[in-house]
Amino acid sequence: MGLPRGQPLLGLHMLLMALNCLRPSLSLELVPYTPQITAWDLEGKVTATTFSLEQPRCVFDGHASASDTVWLVVAFSNASRSFQNPETLANIPASPQLLTDGHYMTLPLSLDRLPCDDPLVGSGGAPVLRVGHDHGCHQRPFCNTPLPGPGPYRVKFLLMDAGGSPRAETKWSDPITLHQGKTPGSIDTWPGRRSGSMIVITSILSSLTGLLLLAFLAASTAHFSSLWWPEEAPEQLRIGSFMGKRYMTHHIPPSEAATLPVGCEPGQDPLPSLSP
């Protein structure tokens with residue numbers, strides 16, 4: 001029993017379609033580069049919502065054209081194997097898909113922003129890509145939103161042409177785990193678990209605080225005492241907690257004394273005698 005006359009042509013057509021679909025994946029070049037956390041001595045290279053990668057400078061040199069774009073693929077470590085490179089711009093996964101599909105793409109960079117020159121010449125800072133740094137991103141589909149949890153995450157760089165077809169990619173990074181702060185209930189406040197040096201430092205600081213308080217009280221007491229009891233007070237008397245002034249009676253000179261009437265001299269009787 002023979003096959004229908006159009007069956008071989010239909011099979012050939014389906015084979016050609018399958019080859020066209022596989023062509024981007026077969027032609028995709030794997031660049032021997034592994035993304036990693038920057039080696040620069042920077043604070044906050046890995047935080048609770050971000051991590052800083054070294055820029056892929058010269059990584060795609062010889063594989064890209066001027067119109068190509070370098071994308072960063074971010075995925076949960078256990079979802080990186082299931083990630084499929086998009087074939088068009090419309091298929092690029094946005095940041096909300098991290099919580100549903102386990103991966104997304106962000107930070108599209110043109111090649112002119114990744115030169116092979118010395119990164120510190122004229123840049124004023126270390127060349128890094130801070131993943132999850134855009135806290136105000138809510139509406140843009142490919143924004144660099146803060147990462148939702150500690151991960152771990154894996155990342156890779158994907159080179160795509162102007163039409164959205166992938167041309168080259170790097171290896172996946174090693175797992176990257178973010179730092180997580182402690183919950184208030186997990187903080188140990190029992191003094192018995194403190195180190196000996198911590199206890200000594202706390203004791204010294206407490207003693208210094210007490211000495212400073214005593215010195216302040218002594219200085220305040222001396223200051224107010226000088227206000228109540230002046231040192232130079234020749235005409236003042238200190239009675240208990242009060243001070244009173246001593247008043248001296250004025251001496252009347254003889255020349256200024258009033259002249260007494262006749263018969264009123266001292267020692268004489270000023271009244272007339274009533275005897276006959």
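**Close-up views of a predicted model**

**View 1. Ser80 and its neighbours.** Leaving aside residues up to four places away in sequence, Ser80 touches Ala75, Arg154 and Trp172. This is a predicted model. Ser80 sits in the loop between strand E3 (69-76) and helix H2 (98-101). Is Ser80 buried or exposed? Its relative accessibility is 8%. Buried means under 20%, so Ser80 counts as buried.

**View 2. The whole chain.** The chain has 3 helices and 9 strands. Along the sequence they follow the pattern α-β-β-β-α-β-β-β-β-α-β-β. The chain has 276 residues, and 24% of them count as buried. Its accessible surface is about 19700 Å². Carbon and sulfur atoms hold 62% of that surface. Among contacts with a separation of 6 or more, 68% join residues 24 or more positions apart.

**View 3. An open sheet of 5 strands.** The strand order is E1-E7-E6-E3-E4, and the pairing is mixed. Which strands lie at the edges? They are strand E1 (29-30) and strand E4 (103-110), and each pairs on one side only. Strands of a sheet pair through backbone hydrogen bonds, either parallel or antiparallel. E3 and E4 run antiparallel, joined by 6 bridges. Look for Thr69, whose bridge partner in E4 is Ser110.

**View 4. Phe76 and Tyr153, a stacked pair.** The whole structure holds 3 aromatic pairs. One of them is formed by Phe76 and Tyr153. The ring centres are 5.2 Å apart, with 20° between the planes. Phe76 belongs to strand E3 and Tyr153 to strand E6 (residues 153-160). The two residues are 77 residues apart, so the pair links distant parts of the chain. Phe76 is partly exposed, at 21% relative accessibility. Tyr153 is buried, with a relative accessible area of 0%.

View 5. Phe83 lies in the loop between E3 and H2, and Trp172 in the loop between strand E7 (166-169) and H3, so the pair ties together parts 89 residues apart in sequence. Phe83 is buried, with a relative accessible area of 8%. Trp172 is partly exposed, at 23%. Trp172 also touches Ser80, the residue of the opening view.

**View 6. A nonpolar surface patch.** The patch covers about 1000 Å². Its residues include Val200, Ile201, Ile204, Leu205 and Phe216. Ile204 is found in helix H3 (residues 196-228). How exposed is Ile204? Its relative accessible area is 47%, so Ile204 is partly exposed.

How values were computed:
Residues are numbered from 1 along each chain as its sequence is written. This is a predicted model: local features need pLDDT of at least 70, side-chain atom pairs count only at pLDDT 80 or more; totals for chains, interfaces and linings use all residues. Side-chain values use heavy atoms; hydrogens and water are left out. Helices (H or I, at least four residues) and strands (E, at least two) are DSSP runs, numbered from the N terminus. Buried means under 20% relative accessible area, exposed over 50%, partly exposed in between (1.4 Å probe, protein chains only). Contact means heavy atoms within 4.5 Å. Accessible areas come from the Shrake-Rupley method with a 1.4 Å probe; for residues, only the protein chains shown count as cover. Patches are made of residues with over 30% relative accessible area and no salt bridge: like charges are joined within 9 Å, nonpolar side chains (Val, Leu, Ile, Met, Phe, Trp, Tyr) within 5 Å. A salt bridge is a side-chain nitrogen of Lys or Arg within 4 Å of a carboxyl oxygen of Asp or Glu. Two strands pair if DSSP finds at least two bridges between them. Rings of Phe, Tyr and Trp (its six-membered ring) pair if their centres lie within 6.5 Å; planes under 30 degrees apart count as stacked, over 60 as edge-to-face and the rest as tilted.
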